[in-house]
Amino acid sequence: MEILVCVKRVPDTSENEIEVGSDGQDIDRDDLVYSVNEWDNYAVEEAIQIVDKVGGKVTVVTVGDDESEEVLRREMAMGANEGILLSDDAFESSDGKGIAAILKAAVEKGSYDLIMTGAQADAGAGQVGGMLAAMLDQPYASLVNSIEVIDDKKLKVGREIEGGNQEMNEIQMPCVLSIQTGINEPRYVGIRGIRKVASVDIPVLGASDLGIDSGSVGNAGASVKVQDYFVPVFGDGAEMLEGSTEEIIDKLIELLKAQGGLK
Amino acid sequence: MNFDLTTEQKMIRREVRKFAESEIASVALELDENEEFSAELTRKMGEIGLFGMFVAEDYEGQALDYISYIIAVEEIARVDGSQAATIAAANSLGIGPIYYFGTEAQKKKYLPMLCSGEGLWGFGLTEPTAGSDAGGSTTTAVKDGNEWVINGSKIFITNAACELTMGVTVQAVTGRRENGKPECTCFLVESGTPGFKAQPMHKKMMWRASNTAELYFDDMRVPEENILGNVGDGFHQMLQTLDGGRLSIGAMGLGGAQGAYELALKYAKKREQFGQPISKFQAVGFKLADCAVEIECARNLLYKACWLRNEKRSFEKEAAMAKLYCSELMGRVANHAVQIHGGYGLMKEYNVERFYRDQKLLDIGEGTSEVQRIVISRYIGC
Ligand SMILES: Cc1cc2nc3c(=O)[nH]c(=O)nc-3n(C[C@H](O)[C@H](O)[C@H](O)COP(=O)(O)OP(=O)(O)OC[C@H]3O[C@@H](n4cnc5c(N)ncnc54)[C@H](O)[C@@H]3O)c2cc1C
């Protein structure tokens, strides 16, 4: 099975304290530590496990700048077979649709049975997977938390739905799946893996290689633009409870009782 | 001059850090509290390739350069001294002598297991009456036909009495040289050899999750083929092993200092007194600034020593300097870190107290700070 996993380099929330920048247009990116988007890492692990079982190849792809190469290399050290960096000044500040369009062009240069994305990344909109599927006119399942290969044409996928329930679906390949965390336990990257990929060349494709009109992507093609980033202020009615979980629970019960919410 | 790490070295730092933060940070406190060596965690460290880091692939090593090895130890030490001790001792003291001085047969026999983390090997040099003066060894080996009969004991031997221990390298006196000094030879002794007893040592102040052992040899017999290198090479082998070992102790000091510094910085930015974060008080901010400066100096010194070694140039003086400086640096940083944490710094759950305790061994093991100063003073012509 040929699997393409779309990955993104994002600020690592476990290593940084994220703050909004002074211009309110973005988070403060000075001295941030970046990693592969957590959801994407689960997707890559799932892809590796599928290929371990049924054979094939895992390719990781990202839209980003030179520095994004490091997440491709990292996922290759983990076990992905190949990486492709999609990079061009024209791609900068793309919105979700722009990213999906760039990925679509890359997908069409290969022949993939299965395409995976993370359920969401740092922008939080969670739209790339669905848009990519629509542009490719392929079936799509979101928030996938289990995958079983039925045969070389069909998968059985579980989706996380409300109330902690799971919905099971059969889906025809080629298809696009967006992967939820917890679908597996991603392996650690070991030293052997790192040594294997540390000096391999990762191909870079730009707008002209992909046959993309520069005006249709990037800032020029974006229909969604960030207006303002801010941390919501506590309203008058808001009170943050502090202390251990037990203390918070006790205080909450007290408050609910006092307000007549609990009898 | 180029201060950039290679892609490989950068990746190793990131991934070892990630592993340490996920797998070690969560259990370090408990293992320390229970004084428990974890075979499970050791195996996990083996799975990601933390054993046999500088060993060639022919023996299933990771074939890394020395800076990469040191970075890995540094990153483990940034989170926990005990696990870093297991790694540094296994590589530099356990695997190192077999790899550098062993016969092909010995290397093929032992290294693959040791490089996987499934087996550990100790380095038995220190004796109850021979510490800094390692030449004063009273453990003896006497030839009897095709075998050697060893009698004596060793103390404080890391990785030598746990469920993963496969054996130890033992230095014994095999005769006298013409100048009257003892002739020393190293032997590879497998666990379970009749007459050999290894006993874990407990109630340590530091490295409580690292295995430390006392060894007893009572008419223990080993075959001739268990000699490491040649008869009489022992003292030289030991000195060479310690030169490399000093770099890994340096890495433990540097990594520990980095870890304690980061904890202190984070705490100082959060903790408020007199209406502001304590990091804004000059007395606290200056302490942290001093730590940052010294850590930068220590890293440059240690990496330079490793670079010299990579380049096959003489690195012994720099190794002694790096061992001394990094070890003592961690002492200063851990002390500041506890101070900055105030009363909380003395409580186990804040972790800095473990760094404070774990540091002390670095001033003592693999040549005390005094011994390093002796070595350095000789190199500079005193
Ligand atoms: C947890 C732990 C793990 C260890 N792991 C190992 C291991 O794996 N293998 C191994 O072989 N050993 C190991 N050691 C032993 C360690 O290397 C020794 O403790 C160390 O070399 C010091 O020896 P000593 O304890 O006998 O102290 P001593 O040599 O008795 O020193 C006592 C004091 O006297 C000072 N001193 C001694 N001689 C001089 C001098 N000439 N000039 C000035 N001052 C001097 C010392 O600096 C020190 O301050 C370990 C020790 C510990 C605690």
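User: How many residues of domain 1 of chain B are in contact with domain 2 of chain B?

Analyst: Happy to start there; this is a predicted model, in which local features need pLDDT of at least 70, side-chain atom pairs count only at pLDDT 80 or more, and totals for chains, interfaces and linings use all residues. Residues are numbered from 1 along each chain as its sequence is written, while chains are lettered from A and ligands numbered from 1 in the order in which they are written. Contact here means C-beta atoms, placed from the backbone, within 7 Å. On the domain 2 side of chain B there are 21 residues, and domain 1 of chain B brings 25.

User: Which helix of chain B gives the most to that side of domain 1?

Analyst: Helices are DSSP runs (H or I, at least four residues), numbered from the N terminus. Helix 1, helix 2 (39-47), helix 4 (81-101) and helix 5 (104-116) of chain B each supply at least two residues. With 11 residues, the most comes from helix 4.

User: Is Gln9(B) buried or exposed?

Analyst: Good one! Gln9(B) sits in helix 1 (residues 7-34) of chain B and, leaving aside neighbours within four places in sequence, is in contact with Ile67(B), Ser68(B) and Ile71(B). A residue is buried with 20 or more other C-beta atoms (placed from the backbone) within 10 Å of its own, exposed with 12 or fewer, and partly exposed in between. Because Gln9(B) has 20 C-beta neighbours inside 10 Å, Gln9(B) counts as buried.

How values were computed
Contact = placed C-beta atoms within 7 Å.
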